[in-house]
Amino acid sequence: MQPGMNSKDMSIIRMNCELYDQIVQYAKEHLPEESCGLIAGAIEGDSKTIKKVYFLENVDHAEDHFTLDPKEQLMAVKDMRANGYKPIGNWHSHPSSPSRPSVEDIKLAYDKDASYMILSFLTAAPVFHSFHIENGAYEKEDLRVFNEEYYF
Ligand SMILES: [Zn+2]
């Protein structure tokens, strides 16, 4: 095993840059509040491809935490089923803290199969990472934002 290799979860998550841009734009519009939503797509073996991003109301309307609107959550899950998408995880923004799970994020992460994506506005250019959270610990996932011409 090479250093830095992860034996447990080698999956690659791919996200088209247009979807990423949607998240950045929506989250910017909702600053200084945290914004949040769900992420769905296709899962094939170790490969996950995000097909749709859902934008849900942060019912807390807070700057340092979020709660997904339960009614909108239900509607999103119904829409996933109707489109044949699988739930991949959720996303939220950190208006003024880094792109990593907060103590509260870790505490509330009950689904070890979900990807927890965090968009940080701490620096001038937003930073977006995806995390696996299990047993009070988190690990960065291999999230690749791409467009038709290149991966980065
Ligand atoms: Zn958070």
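This tour visits the salt bridges of a predicted model. Residues are numbered from 1 along each chain as its sequence is written. In this predicted model, local features need pLDDT of at least 70 and side-chain atom pairs count only at pLDDT 80 or more, while totals for chains, interfaces and linings use all residues; side-chain values use heavy atoms, with hydrogens and water left out.

How many salt bridges does a search of the whole structure find? There are three, a salt bridge being a side-chain nitrogen of Lys or Arg within 4 Å of a carboxyl oxygen of Asp or Glu.

**First stop: D79 and K52**

Select D79 and K52, whose closest N and O atoms lie 2.8 Å apart in a salt bridge. The pair links distant parts of the chain, 27 residues apart: D79 belongs to helix α2 (residues 70-83) and K52 to strand β3 (residues 47-56). Helices (H or I, at least four residues) and strands (E, at least two) are DSSP runs, numbered from the N terminus.

Next, display the surface. D79 has 25% relative accessibility and counts as partly exposed, as does K52 at 28%. The classes are buried (under 20% relative accessible area), exposed (over 50%) and partly exposed (in between), with a 1.4 Å probe and protein chains only.

**Second stop: K112 and D113**

Move to K112 and D113, where the side chains form a salt bridge at 3.7 Å, N to O. K112 is partly exposed, with a relative accessible area of 45%, whereas D113 is exposed at 57%.

Finally, select R144 and D142, joined by a salt bridge with an N to O distance of 2.6 Å. R144 is partly exposed at 30% relative accessible area, and D142 is also partly exposed at 30%.
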